[in-house]
Amino acid sequence: MTTWLRDETPHDIFRFLREGDEGRHQTARVTADGAAWLASAAGGRGTALTRWEARPASPAVLPCGTVFDVVNVDPVFGRRMLDHLWTEGPGSGPVAVHRGRMMLFAALGTAQRLPALLDWEEWGEAVPRPLCHGVGDAVTVPPLVPSGTAGPRWLVAPDTRHPWLPGPEVVLWACVRAVRAASAADVRVSIFPPADPGANVYDVSRRR
């Protein structure tokens with residue numbers, strides 16, 4: 001299933017993307033190879049690429065479970081996951097935001113396996129339960145060319161025909177790290193014993 005959400009003036013978007021790739025790289029900008037990878041989820045170079053050439057500033061609905069799965073998380077928790085993936089882990093695949101949610105593109109099979117891993121994990125109950133999209137599901141992906149309007153957008157855009165995608169174990173690791181870091185931040189350690197609620201309190205600021 002491939003759905004294009006609005007019409008735009010047709011032009012050769014892939015030539016435009018290739019020309020824009022020369023001499024620069026932007027994390028949130030789709031490259032020509034990245035666009036081809038996205039379109040492959042809908043069955044290759046036929047209809048998908050033709051429609052995207054005609055509507056480059058339009059979001060699209062692409063099927064999951066053919067080229068990628070998607071893990072859909074709360075945006076604040078998702079930011080924490082990304083922080084750990086990029087500072088302590090292997091990095092991430094493409095990442096988008098849409099309707100107040102963060103979408104992490106993951107390896108095939110992640111949507112089916114991740115919920116079971118969370119159920120077995122000691123910290124699993126503390127993880128805000130993600131929505132996992134796999135075979136039979138579809139997601140809205142941001143446009144190839146930023147439209148400047150409210151809507152889906154890329155945080156980490158696809159830039160290659162064969163992007164690395166985290167599997168369920170890597171996503172689980174990021175979830176657990178994000179939860180444990182948040183829990184540690186809530187702990188306040190003091191070298192003083194707790195105050196006695198019945199003790200007299202004196203104002204020493206006026207002491208001479």
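Colleague: How many bridges join β3 to β5?

Modeller: This is a predicted model, in which local features need pLDDT of at least 70, side-chain atom pairs count only at pLDDT 80 or more, and totals for chains, interfaces and linings use all residues. Residues are numbered from 1 along each chain as its sequence is written, and side-chain values use heavy atoms, with hydrogens and water left out. Strands (E, at least two residues) and helices (H or I, at least four) are DSSP runs numbered from the N terminus, and two strands pair if DSSP finds at least two bridges between them. β3 and β5 run antiparallel, and the number of bridges joining them is five.

Colleague: Which residue of β6 is the bridge partner of N72?

Modeller: N72 stands opposite M103 in β5. β3 is also joined to β6, by three bridges, and these two strands run antiparallel. In β6, the bridge partner of N72 is L131.

Colleague: Which residues point one way from β3, and which the other way?

Modeller: In a regular strand the side chains alternate between the two faces of the sheet. Buried means under 20% relative accessible area, exposed over 50%, and partly exposed in between, with a 1.4 Å probe and protein chains only. β3 is mostly covered, as five of its five residues are buried. D69, V71 and V73 point one way, and the other way point V70 and N72.

Colleague: In what order do the five strands form the open sheet?

Modeller: The edge strands are β6 (131–133) and β8, each of which pairs on one side only. Strand β4 (residues 95–98) is joined to β5 by four bridges, and the two run antiparallel; A96, for example, has M103 in β5 as its bridge partner. The pairing in the sheet is antiparallel, and the order is β6-β3-β5-β4-β8.

Colleague: What is the average twist from one strand to the next, and what angle does the direction of helix α4 make with that of β5?

Modeller: The twist averages 25° from one strand to the next. Axes are lines fitted to C-alpha atoms, for helices over the stretch in contact, and angles run from 0 to 180 degrees between N-to-C directions. Helix α4 (residues 75–87) packs on the sheet and touches β3, β4, β5 and β8, where contact means heavy atoms within 4.5 Å. Its direction makes with that of β5 an angle of about 40°.

Colleague: Is H84 buried or exposed, and with which residues is it in contact?

Modeller: H84 is found in helix α4. Its relative accessible area is 13%, so H84 counts as buried. Leaving aside neighbours within four places in sequence, the residues in contact with H84 are G89, W173, R177, A178 and A181.

Colleague: What is the geometry of the aromatic pair formed by F68 and F105?

Modeller: A pair of aromatic rings is described by the distance of the centres and the angle of the planes. Rings of Phe, Tyr and Trp (its six-membered ring) pair if their centres lie within 6.5 Å; planes under 30 degrees apart count as stacked, over 60 as edge-to-face and the rest as tilted. The structure holds four aromatic pairs. For F68 and F105, the centres are 4.8 Å apart and the planes at 65°, and the pair is edge-to-face.

Colleague: Is the pair of F105 and W154 stacked, edge-to-face or tilted, and which residues form the aromatic cluster?

Modeller: W154 is buried, with a relative accessible area of 6%. The ring centres of F105 and W154 are 5.6 Å apart and the planes are at 45°, so the pair is tilted. F105 lies in strand β5 and W154 in strand β8 (residues 153–156), so parts 49 residues apart in sequence are tied together. The one aromatic cluster is formed by W37, F68, F105 and W154.
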